[in-house]
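Here's a structure to explore for the first time.

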Amino acid sequence: MAEKLQLEVVTPKGAVFSDAVDIVTAPGYGGEFGVLANHAPFLSTIKTGVLSFRRDGNQELMMVSGGFCEVSKNKLTFLVEAAERGGEIDVDRALRAKERAEKRLAQAQSHQENINRVRAEAALQRALSRIKAAQREAR
Amino acid sequence: MPSLKEVKTKIGGVKKTSQITQAMNMVAAAKLRGAQQKMEDFRPYTEKFNAAMGSLSANMDSGQFPLMEKRDVKTIELIVVTSDRGLCGSFNSNILKMTEKLIAKYQAAGKKVSLVCVGKKGRNYFRKFGLIRQSYPDIMGNFQMFNARAIAQDAAANFLEGGSDAVSIIYGKFQSVAVQRPVEESLLPVQPVGGEEAAQGAAGDYIYEPSPTEIMDVLLPLYLNVMVYHAMLEVGASEQAARMTAMDNATSACRDMISSLTLIYNKARQAGITGELMDIVGGAEALKG
């Protein structure tokens, strides 16, 4: 097996993940990016989305919401506001959240409420990422 | 001498009180554990965050960010973080006293002061001062990162609009279970983190995406969230620790009171018995006649 890099995902509620992995794909500021071992030092902001990585030949997924990540010396650190492993996501709850957010979004659009729209969009993004991470993990 | 019944009722009352204080002590101990855990969980995040902030801000000109802009301070905003509930000794009053002193100091220097009160105790105390710009009562019981974000965003928006020229945060720092000290920390304008050590660690070879400036624009508000959340966590833990100590003291004060009341009760009882004996003896003597 090729060289590995250390992946760490840290949220305000504590470290969610810390292990050696082969490759990481993350939702960066300018689109998805992949990181392999011996990557150059790198710092990027992270959008709400799905973080995927390969550990011992298995593809694993994780939902992450806004933050940033730092790569240096074969260590990849994600500092995000929330992160959930694919298998731990409550899909029903995410589906409900998605419906709620969509409803709010429709309301906000008809009333021209900017703040509510931004919040609803963020909520929708989170819900969609959760659903995606959970469903792809299940396959 | 108080009557037997009176003393007995009083002992009963104090006993009940001591049961309550003891229960509160145990509840506070359990909650303290939770609050400390929350602080412990947050530590890796702050450490990594500060490291990243340091390496980023080390090679950057602080003048270009509105949130780091140093202005002539005419209005200073104080974010006072207290607990929602009392019965925790002098914990809240220490914070409030320190805040009051700072207000007096700033006002003496000709600056205007506005207050943001997090937690009910601060709001109730400062209500009569007429300085409160914003208050967040009843959130200390169970708060999350997004509560801190609301507070930080509001303060930052006010700072950017020129409502304040500097923002400090005052909270009770958790030093140990026995010691909680009120501290003032500067929040805005954001000071560059690190210094020499961070500048060396940075090496400047990073690839940034997007540009460092744009990352800073994301990082700076986040930094405020982290600071506010941190202060709230400290207050959460300090409050429980202070309550634990206060309730422990109250319980032992109750115990002292019970023992001195029991002494009075026994004395009164004995005096009663002696009095009755005297009556009987006196009666018998009279019958002998």
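**Two helices side by side**

In chain B, helix α1 (residues 4–57) packs against α6(B) at an angle of about 160°, and their axes are 6 Å apart. Angles over 145 degrees count as roughly antiparallel, so that is the label for α1(B) and α6(B). The crossing where α1(B) passes α6(B) is left-handed. What classes of residues make up the contact of α1(B) with α6(B)? There are 33 nonpolar residues in it, along with 13 polar and 9 charged ones. Keep in mind that this is a predicted model.

Now follow α6(B) by itself. This helix covers residues 212–288, which makes 77 residues. From its first C-alpha to its last it reaches 112 Å, close to the 114 Å expected at 1.5 Å a residue. After α6(B) comes G289(B), with a positive phi near 30°.

**The sheet in chain B**

Next, look for the strands of chain B. Five of them, in the order β3-β2-β1-β4-β5, form an open sheet with mixed pairing. Which strands stand at the edges? They are β3 (132–136) and β5 (180–188) of chain B; each has a single partner strand, so one side of each is left without a neighbour in the sheet. On average, neighbouring strands of this sheet are turned by 20° against each other, direction ignored.

Strand β2 of chain B (residues 112–118) runs parallel to β3(B), and 4 bridges connect them. There, V116(B) has Q134(B) in β3(B) as its bridge partner.

Helix α2 (residues 91–108) of chain B lies across β1 (75–81), β2, β4 (166–174) and β5 of chain B, and runs at about 155° to β4(B). Our friend α6(B) also lies across β1, β2, β4 and β5 of chain B, this time running at about 30° to β4(B).

**Over to chain A**

Chain A has 8 strands and 2 helices. Starting at the N terminus, its elements run β-β-β-β-β-β-β-β-α-α. Its C-alpha trace spans about 55 × 30 × 25 Å along the principal axes.

Look at V24(A) to see both pairings: its bridge partner in β4(A) is V35(A), and in β6(A) it stands opposite F53(A).

**Where the chains meet**

Finally, how many residues of chain A are in contact with chain B? The count is 20, and they touch 18 residues of chain B. On the chain A side, β1 (5–11), β2 (14–21), β5 (42–46), β7 (58–72) and β8 (75–85) each supply at least two residues. The most come from β5(A), with 4 residues. By class, this side of chain A has 10 nonpolar, 7 polar and 3 charged residues.

Conventions
Residues are numbered from 1 along each chain as its sequence is written. Chains are lettered from A and ligands numbered from 1 in the order in which they are written. This is a predicted model: local features need pLDDT of at least 70, side-chain atom pairs count only at pLDDT 80 or more; totals for chains, interfaces and linings use all residues. The expected span of a helix is 1.5 Å times one less than its number of residues. Two strands pair if DSSP finds at least two bridges between them. Axes are lines fitted to C-alpha atoms, for helices over the stretch in contact, and angles run from 0 to 180 degrees between N-to-C directions. Two residues are in contact if their C-beta atoms, placed from the backbone, lie within 7 Å. Angles under 35 degrees count as roughly parallel, over 145 as roughly antiparallel, 65 to 115 as roughly perpendicular and the rest as oblique. A crossing is left-handed if the near helix is turned anticlockwise from the far one by less than a right angle, and right-handed if clockwise. Ala, Val, Leu, Ile, Met, Phe, Trp, Tyr, Cys and Pro count as nonpolar, Asp, Glu, Lys and Arg as charged, and the others, Gly among them, as polar.
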